[in-house]
Amino acid sequence: MRNPLLRHATVCVALAVVLVLLTYVFDAFTDYKIAGVAIFFIAAAGLTVLTGVNGQLSLGHGALMAIGAYTTSLLLKEQPQLPMILPLLAAIVSTGVAGAVIGVAAARLRGPYLAGATLALAVGLPQVAVHYGSVFGGNQGLPVPVPTPPSALGGDFPNERWLAWIAIAAALITLFLLANLVSGATGARLRAVADDEAAASLAGINVARIQVLAFVVSAACAGLAGSLFAYWVGLTAPSGFGLSVSLQLLSAIVIGGLGSLSGAVLGSFLVVMAPFTISDLAGNLNLSSDVANNLPLALYGVVLIVTMLAFPRGIQGALFSLWRLAKRNLRRPQAPTVSTTA
Amino acid sequence: MRTFLILTVDGVTSGFIYAMVALALVMIWRATRVINYAQGAMAMFTTYVALFAIQHRVTYWLAFVIALGAGFVFGAGVERLLVRPIEGRAPLNMVILTLGLLILLEAVAPMLFGGDVKSFPAPFSRIDITAGATQLYVSPFDIFVIAAALLVMLLLLVFFQRTTIGLRMRAAAFRPEIARLLGIRVGRMLTLGWGLAAVLGALAGVLIAPGIFLYPNNMDEALVFGFTGAILGGLDSPVGAVTGAIVVGLVLSYVGGYLGSDLETVGGLVMLIAVLMVRPQGLFAFHRQRQA
Amino acid sequence: MAAMTRSRTGAVGSLLAGLAVLAACGGSGGGGANQASAPGITPTSVTIGSTQPLTGPAAAGYSEIAPASNAYFKYVNAHGGVFGRSIIFDYVDDGYNPTNTAAQTRKLILQDKVYAMFEALGTPTHLSVVNYINSEKVPDLFVASGCNCWNNVSQYPETFGWQPDYTIEGKILGQYIKQNYSGMKVGYFAQGPNDEFGTDGINGLNDVLQNSSVTVVSPPQYYAPTAAGAMAVKSELAAMQAAGVQVIASFSIPLFTADALASAAALNYHPIFVVSNVGSDPPTLTGILTGGALGVTLPAALIGGVVSDAYLPLLSDSSNPWVSLFKLIKAQYAPSLPWDGNVEYGFATAYTFVQALKAAGQNPSRDDIVHAIETTHFNDGPGLVPFAFTSSNHLGYSGVEIVKIGPDGAAVSAGPVQVTDDTAGGAITSPSSQPAAPPSSGIPPD
């Protein structure tokens with residue numbers, strides 16, 4: 001299939017069919033985790049465009065998710081019966097606007113200065129919600145009702161599967177749109193700016209505008225993810241948007257393989273699923289509580305360090321090298337050599 | 001007036017502690033173009049080492065020296081074992097590596113030393129000095145913190161300006177290729193730089209702990225505020241980093257005191273953005289420099 | 001001490017034999033065989049779940065609570081369990097982050113299929129799942145938080161609090177201040193300004209102290225529970241000093257109580273501190289303040305004189321049979337835990353749970369335990385005050401006793417036990433029942 005639009009659409013539809021079928025195979029808790037992976041992927045995919053493709057490092061993406069989550073929760077506080085699509089759209093818009101403002105500021109900043117400013121954003125913004133407690137609910141946060149499936153799906157349709165469907169749909173739409181964006185002319189401009197600003201500028205690219213665009217796209221994704229996250233968690237509170245969310249997102253895209261959307265999928269899967277697996281493992285060992293309690297976190301740190309030392313291009317890079325190695329070793333002498341790309 | 005005085009003394013004292021964190025970040029940034037996000041966690045860890053020594057009947061001052069020594073070994077070891085192997089790769093890899101180290105240290109510390117909040121001793125009284133009937137809003141410990149920070153900064157200045165090894169380190173950081181041609185062992189200089197930076201961090205950890213107590217993530221905010229100070233001043237300028245960090249200390253103290261302590265981080269954010277919008281390379285940036 | 005332990009162990013041994021007989025009787029009685037009567041219940045076990053801050057900022061101290069409860073369950077299991085069933089306590093870490101609480105609670109309910117949630121800790125953390133737990137109709141017993149949000153029977157019929165809520169504490173502490181410090185200036189130091197711990201407590205204090213014989217200095221001094229917040233405490237105390245505050249009523253967590261005490265001392269400022277139960281555990285405070293954080297040694301003197309409140313027997317009261325029972329079980333089943341307020345809390349909630357599980361009957365449904373708590377008063381447990389549980393009230397302990405920390409750093413009783421509710425103007429009265437001694441077996445009777 002030459003047409004990338006058609007190819008992306010086919011892949012997304014195929015993924016949708018497979019994933020929806022899988023939600024029937026798995027139990028409710030696995031569906032819940034799948035929803036988490038999908039939500040996390042949406043934010044990670046946005047960050048991939050910003051950091052991986054456009055080269056702007058954000059340590060504060062959790063704060064953008066918080067904007068989406070609070071938009072949703074505030075709307076639901078006023079209108080609890082709102083159909084889910086409206087809070088989702090509102091979150092995309094509000095966070096996109098916030099992203100434009102932050103993007104204009106960020107376009108002036110480079111490297112660690114941008115990292116520091118976004119870090120300050122991640123630490124500072126949740127405190128705004130604490131301070132203006134009458135609006136944002138303070139430390140207690142704002143509760144969000146559990147989304148329930150439409151009655152047409154039957155009375156015993158699990159809430160978790162319904163949430164997984166919504167999250168999967170949102171994730172695949174995001175994947176489709178971003179894949180087209182990244183593979184098109186805009187993607188080329190985003191990359192050109194990341195590679196060499198001066199050269200991009202000489203080639204007639206408005207560097208600042210491209211950087212702001214990357215921030216808006218990335219923020220809109222974070223807003224959508226934040227909105228779904230509010231439904232997934234059931235509460236929007238400052239303690240849910242600490243620095244750890246931002247750092248998890250960043251580690252997801254780097255561990256998965258920086259700059260590629262499929263890397264973001266792998267990374268999101270790992271970051272959401274690993275804590276459960278590790279804590280189950282640690283729970284089976286008979287350790288003193290101070291050791292057992294902290295073992296999952298320690299292992300998480302080790303995974304980050306080892307991945308960076310051993311697989312600098314992330315899991316995707318590692319898989320790719322493995323694949324090439326395997327291909328070279330397995331190739332039979334008489335096999336004709338096929339040139340893959342022109 | 002009284003509140004203002006207290007806030008000022010508090011702000012300057014904590015500002016000097018942030019300044020040591022900022023200076024440590026700047027030293028490493030200048031040498032290896034890496035922001036060490038684990039700087040605070042490393043300082044937390046060496047402070048636990050000092051407390052462990054004190055609990056085993058070592059005197060405060062010996063434990064103080066042990067903390068700084070442990071900091072040096074720790075910093076040098078991190079450079080050799082973790083940073084060196086991935087030098088020259090994408091800058092983000094270094095970010096994730098140091099974040100991984102941060103997470104690992106904050107998990108290992110409670111495993112080794114227990115997860116409860118611990119008191120860390122101050123070598124001098126933290127009770128404010130009174131002159132006759134007048135209360136001065138400064139304690140002997142505050143004076144010690146500021147004096148220790150100033151002394152260390154002075155020593156570093158002399159070291160980098162006046163000693164051969166200090167000059168070699170600067171050369172290795174700025175023009176590694178030329179330094180190598182001149183016979184300077186650049187790798188060793190970078191290790192030394194990381195070690196010295198970690199000594200600064202360790203000092204900050206020991207000096208901040210009596211005021212905020214010791215627990216596994218007690219240095220998180222010191223790192224954020226030290227980093228804020230460093231980029232406020234300009235990451236390539238040690239003088240800028242120190243000045244920036246003291247400004248951060250003061251602003252946070254005034255915001256906390258006059259507007260409410262839940263707004264401190266918001267105040268830090270607003271100030272940082274305001275400064276960076278006017279001077280994107282920090283207050284003390286001399287030249288525009290491309291960074292990854 | 002060693003001798004006492006030995007004699008107690010002997011008693012435990014003979015108890016085991018006694019219980020075996022009891023269990024046999026139960027089996028042959030009218031109850032019939034054990035059945036898998038509800039999710040999480042098998043003929044031989046009952047599994048309950050909990051989310052706890054085992055790591056992260058709230059882990060200090062609070063991470064002891066669930067292991068302490070588990071030690072009590074192990075003791076019960078070793079002596080025949082409840083209706084022959086062992087209690088399996090499946091507590092998982094949420095790092096005090098509501099996101100993790102949401103995921104872990106679903107793991108407990110959907111994957112581990114627990115019979116009930118028990119002692120889930122924290123206000124924002126548990127608020128993220130209270131709707132979900134109730135929509136799944138899982139009993140949500142004895143939330144470890146003093147928020148009055150758990151007492152909402154129409155919205156959360158499955159959820160029960162346990163400790164007295166912060167408003168009740170504020171009212172009774174306020175009453176003590178009014179009666180003992182008449183004419184003085186009272187200032188508030190609290191977590192906030194938008195935190196239910198601080199604001200509920202202040203609501204309770206104001207209910208009694210506004211327009212009374214004391215002067216309330218406003219505004220309250222709020223601290224943020226962060227390291228930056230810790231740095232600001234000294235200037236907040238200085239503001240109170242400047243305003244002439246003589247009595248500081250404090251709704252603070254232990255770290256910030258310690259910080260406030262140390263900061264006041266650093267300012268040569270010596271007000272009377274009246275501190276909520278959460279922030280006044282003497283071993284925790286002494287632990288934080290010992291070790292010379294002030295550069296001079298005065299830890300006991302520093303916490304000596306602090307007024308607080310209690311709803312469980314005082315830790316240092318070795319003559320109290322509950323204290324000796326819990327310490328004995330702790331020595332055997334969780335020797336690495338300290339003996340402090342968190343550990344006592346864990347033991348006492350576990351005791352209440354065993355009471356509830358027994359009251360729910362041999363083969364309980366999930367509704368049975370909810371109904372049992374609403375109709376049984378459990379006033380023969382370790383609490384100094386009665387529970388307020390009814391079908392319309394899921395509050396938990398309904399009052400506190402005033403205590404004072406002595407110069408030796410141990411709390412002693414300093415006032416009557418009083419009960420009230422968390423409504424404005426609700427009367428403060430004496431309780432209708434007296435504390436009971438534990439059964440000799442250490443396990444609630446059938």
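## Polar links between chains B and C

Three residue pairs are in polar contact between chain B and chain C, both residues at pLDDT 80 or more. A polar contact is a pair of N or O atoms within 3.5 Å; within protein, one must be able to donate a hydrogen and the other to accept it, and residues adjacent in sequence count only if both atoms are side-chain atoms. This is a predicted model: local features need pLDDT of at least 70, side-chain atom pairs count only at pLDDT 80 or more, and totals for chains, interfaces and linings use all residues. Residues are numbered from 1 along each chain as its sequence is written, chains are lettered from A and ligands numbered from 1 in the order written, and side-chain values use heavy atoms, without hydrogens and water.

The rule finds one salt bridge across this interface (a side-chain nitrogen of Lys or Arg within 4 Å of a carboxyl oxygen of Asp or Glu). Asp128(B) forms a salt bridge with Lys234(C). Their closest N and O atoms are 3.0 Å apart.

## Extent of the interface

In chain B, 36 residues are in contact with 37 residues of chain C (heavy atoms within 4.5 Å). The two chains bury about 2800 Å² between them. Buried area is the accessible area (1.4 Å probe) that two parts lose on being put together, summed over both. Carbon and sulfur atoms account for 57% of it. Ile127(B), Phe213(B) and Ser261(B) supply 19% of the area that chain B buries against chain C, more than any other three residues.

## A residue of chain A

Asn294(A) lies in helix H13 (residues 289-310) of chain A. Helices are DSSP runs (H or I, at least four residues), numbered from the N terminus. Leaving aside neighbours within four places in sequence, Asn294(A) touches residues including Glu106(B) and Thr55(C).

Key
Helices (H or I, at least four residues) and strands (E, at least two) are DSSP runs, numbered from the N terminus.
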